[in-house]
Amino acid sequence: MAASEPYDLVIQYGRVVTASDTVEADVAVTGGKIAAIGHGLQGREYLDARGLLVLPGGVDPHVHLQYPQGPNRVVSADDWLTGTVAAACGGTTTVIDFVEARPGQTWMQAFEARRDQAAAQAVIDFSFHMSFNRADAASLAEVKTVLEAGMSSFKIYMAYDGIRLTDAEMLLALEAVAEHDALAIVHAENHAVIMRLVERQLAAGHVEPRWHPHTRPAAGEAEATERALALAEIAGASMHIVHVTAERGLEAIRRSRARGLPVTGEVCTQHLLLTDALYDKEGFEPAKVCMAPPLRKPSDLAAMWAGLRDGGLDFVVTDHCPFTYAQKSGRRRSPEFRKLPGGTVQTDPEAPWSEGLPSFNQIPGGGPGIETRMPLVYHHGVNAGRLSLSDFVNLTSTAAARLYRLYPRKGTIAPGADADLVLFDPDREVTITADALHQNVDYTPYEAMTVKGWPRTVLSRGEVIVREEAFVGTIGRGSYLSRP
Ligand code: MN
């Protein structure tokens with residue numbers, strides 16, 4: 001570009017933060033990409049970032065939008081529109097979701113359907129992990145094709161009937177992952193132990209949601225983590241452990257890393273900030289925090305923060321998989337309302353999927369978090385003195401972009417990168433309430449918590465999609481990201 005030609009847009013006077021440093025500088029954007037970082041840059045348009053942090057857009061690589069979960073196929077309440085609008089308003093500009101083939105469907109057929117569903121509605125860029133939900137010859141033969149379609153990470157579940165792999169199957173899967181230099185990402189819990197403990201609680205008449213955490217003990221997660229890491233070592237595969245919650249599981253990851261093995265781990269916002277005391281609430285209320293793994297003890301929360309600080313854990317995700325209270329209660333398969341950028345609409349009545357309240361093991365698992373991740377980690381990390389600004393950027397954006405081969409297109413502010421940027425106001429105080437959020441769900445576990453620091457303006461590929469906290473983007477503008 002000629003020196004005289006102005007850039008499309010210049011973001012002026014902000015404090016630009018990356019995973020490595022913080023500088024006072026202007027950021028110039030042209031053609032949807034970052035063109036320059038410096039001073040006195042000339043633009044056709046300007047954004048004033050005085051007093052604001054200019055951050056790389058958040059990367060949340062663990063979300064479940066519009067996901068028909070479990071045998072009842074209750075669909076997670078955020079679809080590709082409401083979920084990505086919520087993500088954008090919370091400062092996240094890239095999500096990685098999952099492809100889960102149904103019986104009779106090839107992995108690639110499932111991918112194409114899921115990609116088209118997302119592309120029609122998503123307002124930010126998106127990618128997928130392929131669920132390694134069977135290890136038959138046809139699926140193993142599909143691994144190469146899946147990689148060529150841009151999914152270089154495969155999810156393996158050690159729990160959940162219907163999608164989990166046995167150890168023998170997991171070994172085959174990991175060998176295929178290793179052969180193709182891909183990454184295995186693993187939900188580590190001990191399936192047999194869970195099944196037995198669920199059976200025991202139900203037999204004792206303990207059907208309420210408060211019993212859920214008693215069936216998914218931290219030691220079972222730690223055991224499965226150690227087993228998964230051993231299988232990865234045997235197969236020679238790179239492995240990432242999703243939603244680490246227990247100190248003992250984290251220690252297993254640290255030991256593997258200390259031995260030089262290619263192992264990483266993540267933690268969810270809720271496992272940093274919420275404890276299992278929430279299961280003591282009255283009646284059916286704890287259904288809202290029925291998720292797997294469950295919320296843990298305060299000592300585990302402290303261990304997770306320590307893991308983020310010492311590198312035992314690599315980044316923070318949400319596992320965003322919300323269900324409305326009516327869905328949790330068995331009264332609806334799909335959500336009863338849809339929060340659109342222009343207002344909320346009610347959806348048609350439908351038959352319940354459960355007769356009466358479901359027992360704890362039948363409740364759709366998961367909770368909301370896609371919109372509150374960045375502010376919560378900022379507040380409890382940076383404001384609380386646990387994380388530096390660069391740590392915060394690394395843990396919410398850069399490290400995940402690197403692991404999942406999106407870097408340097410995503411996860412940084414540097415010439416040539418996509419102009420996915422967040423103008424973050426470190427002084428803005430917000431008391432979180434479900435009503436004010438864009439997430440398509442009628443509660444948040446962070447209700448009434450106050451945080452200082454909130455995204456004000458968000459850009460995706462140079463386009464302002466959130467302006468002064470209001471979504472202004474267009475439906476379906478998000479693109480599929482191939483990750484070779
Ligand atoms: Mn998940």
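Two strands pair if DSSP finds at least two bridges between them. Strand 1 (residues 7–17) and strand 5 meet that mark, with two bridges joining them in a parallel run. The model is predicted.

**Manganese site**

- Three residues coordinate the manganese ion: His62 through NE2, His64 through NE2 and Asp319 through OD, at 2.1 Å.
- Along the chain, these donors follow the spacing H-x1-H-x254-D.
- His64 sits in the loop between strand 6 (58–60) and strand 7 (68–69), while Asp319 sits in the loop between strand 15 (315–317) and helix 10 (325–328), so the pair ties together parts that are 255 residues apart in sequence.
- Are His64 and Asp319 buried or exposed? Both residues are buried.

- Strand 14 (residues 263–268) pairs with strand 15 in the parallel sense over three bridges.
- Glu266 has Phe315 in strand 15 as its bridge partner.

- Between strand 1 and strand 5, which run parallel, Arg15 stands opposite Leu53 in strand 5.
- Leu53 also stands opposite Phe424 in strand 18.
- Strand 5 (residues 53–56) pairs with strand 18 (residues 421–431) in the antiparallel sense, over four bridges.
- Leu55 stands opposite Val422 in strand 18.
- Strand 18 also pairs with strand 19 (residues 450–460), again in the antiparallel sense, and here there are eight bridges.
- Leu421 faces Leu459 in strand 19 as its opposite residue.

**Helix 1 against helix 2**

- Two packed helices are described by the angle between their axes and the distance between the axes.
- The axes of helix 1 (residues 80–89) and helix 2 (residues 107–121) come within 8 Å and cross at roughly 60°.
- That angle makes helix 1 oblique to helix 2.
- The crossing of helix 1 and helix 2 is right-handed.
- Which residues of helix 1 meet helix 2? They are Trp80, Leu81 and Thr84.

- Thr84 lies in helix 1.
- Its relative accessibility is 0%, so Thr84 counts as buried, the cut-off being under 20%.
- Leaving aside neighbours within four places in sequence, Thr84 is in contact with Leu65, Asp79, Gln121, Ala122, Val123 and Ile124.
- How many residues apart in sequence are Thr84 and Ile185? They are 101 residues apart, and 23 Å apart in space, C-alpha to C-alpha.

Technical notes. Residues are numbered from 1 along each chain as its sequence is written. This is a predicted model: local features need pLDDT of at least 70, side-chain atom pairs count only at pLDDT 80 or more; totals for chains, interfaces and linings use all residues. Side-chain values use heavy atoms; hydrogens and water are left out. Donors are N, O and S atoms within 2.8 Å of the metal (3.2 Å for Na, K and Ca); water is not among the atoms, so sites may look incomplete. Buried means under 20% relative accessible area, exposed over 50%, partly exposed in between (1.4 Å probe, protein chains only). Axes are lines fitted to C-alpha atoms, for helices over the stretch in contact, and angles run from 0 to 180 degrees between N-to-C directions. Angles under 35 degrees count as roughly parallel, over 145 as roughly antiparallel, 65 to 115 as roughly perpendicular and the rest as oblique. A crossing is left-handed if the near helix is turned anticlockwise from the far one by less than a right angle, and right-handed if clockwise. Contact means heavy atoms within 4.5 Å.
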